[in-house]
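Okay everyone, thanks for coming. Have a look at the sequence and the structure first, and then I'll walk you through what I found.

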Amino acid sequence: MMRVFSGIQPTGALHLGNHLGAIVAWKELQAIAECTFCIVDWHAITVFQDPEALRQSVLMTAATYLACGLDPQRVTIYPQSAVPQHAELAWLLSCHTPMGWLNRMTQFKDKAGKHKDQAVLGLYAYPVLMAADIVLFGATHVPVGEDQKQHLELARDIAAAVNRAYGKDLLVIPEPMVSKVAPRIMSLRDGTKKMSKSDPSEASRIHLTDDDDTIAQKIRRAKTDSDALPSDIAGLDNRPEAKNLLTILSVLENRALPDTLQSYAGQTFSVLKDDLTQVLITHIAPIRQGIHERLSDPQALKSLLAQHASKCIEKAESTMGLMRESFGFLKLS
Ligand code: AMP
Ligand code: TRP
């Protein structure tokens with residue numbers, strides 16, 4: 001049985017990149033694997049979060065998972081902070097993680113920037129917590145975007161180091177599952193940067209909560225160049241904005257990129273933008289409505305998360321029982 005684990009940080013509304021790059025793949029996996037999709041609020045606080053906004057973002061992320069079609073009868077959805085074993089396991093793993101391995105992590109280097117000494121320990125240890133998330137439930141497969149591949153490889157190395165140290169197969173070594181088809185959706189303001197929650201410009205991304213007018217306006221203002229659209233893929237070289245808009249349309253219409261490209265060969269951007277706006281509105285409107293419906297009953301959402309979290313605590317305790325025993329902690333009762 002394939003056991004799948006993945007997570008998204010609850011830092012504001014999810015965007016089209018999260019949807020097409022992650023959740024669409026998760027939705028397919030729920031039919032064939034045992035899936036757990038965590039809302040990783042402990043990862044989110046590696047960068048300061050306003051407490052009230054964080055609470056709201058956790059509910060919003062849960063509502064979005066459900067509105068995008070993750071079925072709570074099939075998949076487990078819960079906030080990381082509701083299962084304290086994540087932190088306990090992260091500590092045990094940190095004692096088997098050489099600092100040299102962490103020093104190689106490019107995400108830390110990017111996020112810490114020039115002032116490494118001022119970066120917090122949590123940001124540095126972030127990949128160890130991620131490794132703990134993954135091995136806590138014995139995940140065999142971890143679907144993530146390209147940007148998380150290095151963290152996943154580290155998780156494999158840490159799990160193997162623990163198994164070596166204690167001379168047994170305590171932890172399952174997870175397989176990376178970086179989808180080759182999951183597209184990288186780029187910023188609407190700069191086709192060379194990925195669409196990201198942390199971009200200061202709201203106009204750079206389409207949120208799954210955007211209303212029809214906002215979607216239309218963001219697409220109208222999306223950056224373009226001045227040429228007509230090309231007829232073949234080679235014609236998209238050095239035209240990242242054209243490639244991005246065509247990619248989004250082709251994914252939403254379930255067509256291959258060259259096929260979509262054919263339909264717009266020689267056309268202006270405005271024709272493409274009009275069609276893309278319509279397709280996006282049709283696609284996002286039901287998701288937006290689903291999010292709002294679920295957010296209108298936070299109590300129901302919380303009780304669903306609580307039920308799922310309590311199942312997770314039970315499973316986590318079974319891993320932790322074995323870990324505590326193997327590491328040599330005295331059992332008091
Ligand atoms: P994050 O928003 O960084 O917590 O990412 C959550 C998931 O969405 C990860 O699996 C990412 O790889 C994926 N993701 C985030 N941004 C994009 C994007 N612009 N295009 C495709 N996938 C993305
Ligand atoms: N670091 C991941 C990201 O930013 C989120 C994450 C945390 C995760 N724990 C995980 C993804 C475990 C997969 C498995 O996208």
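Let's start with ligand 2: 13 residues surround it, and the closest are Q9, Y126, M130, D133 and Q148. By "surround" I mean that a residue has a heavy atom within 4 Å of the molecule.

Before I go on, some housekeeping: this is a predicted model, where local features need pLDDT of at least 70, side-chain atom pairs count only at pLDDT 80 or more, and totals for chains, interfaces and linings use all residues. Residues are numbered from 1 along each chain as its sequence is written, chains are lettered from A and ligands numbered from 1 in the order in which they are written, and side-chain values use heavy atoms, with hydrogens and water left out.

Back to ligand 2. Which side chains put a polar atom 2.7 Å from a nitrogen atom of this ligand? Y126 does, and so does D133. Then there's Q148, with a side-chain N or O atom 3.0 Å from a nitrogen atom of ligand 2.

Now ligand 1. This one has 16 residues around it, and N18, D147, I185, M195 and K197 come nearest. I185 uses its backbone: a polar atom there is 2.7 Å from a nitrogen atom of ligand 1. D147 uses its side chain, with an N or O atom 3.0 Å from an oxygen atom of the ligand. A polar backbone atom of Q9 is 3.2 Å from an oxygen atom of ligand 1, and you'll remember Q9 from the list of closest residues for ligand 2.

Okay, zooming out. The protein chain splits into domain 1 (3-183 + 297-327) and domain 2 (202-293), with bounds that come from an automatic or database domain assignment. Their C-alpha centres lie 31 Å apart.

How much area do the two domains bury between them? About 1,100 Å², with 81% of it on carbon and sulfur atoms. Buried area here is the accessible area (1.4 Å probe) that two parts lose on being put together, summed over both. On the domain 1 side, L16, L20 and A67 supply 40% of what that domain buries against domain 2, more than any other three residues.

And salt bridges between the domains? The count is zero. That term means a side-chain nitrogen of Lys or Arg within 4 Å of a carboxyl oxygen of Asp or Glu. In the structure as a whole there are 14. One example is R55 with E52, at 3.1 Å from N to O. Side chains of opposite charge can pair when their charged atoms come close. Both R55 and E52 sit in helix α3, three residues apart, about one turn of the helix; helices are DSSP runs (H or I, at least four residues), numbered from the N terminus.

That's it from me, thanks!

Terms used
Polar contact = N/O pair within 3.5 Å; in protein donor to acceptor, adjacent residues only side chain to side chain. Helix = DSSP H or I, 4+ residues; strand = E, 2+ residues; numbered from the N terminus.
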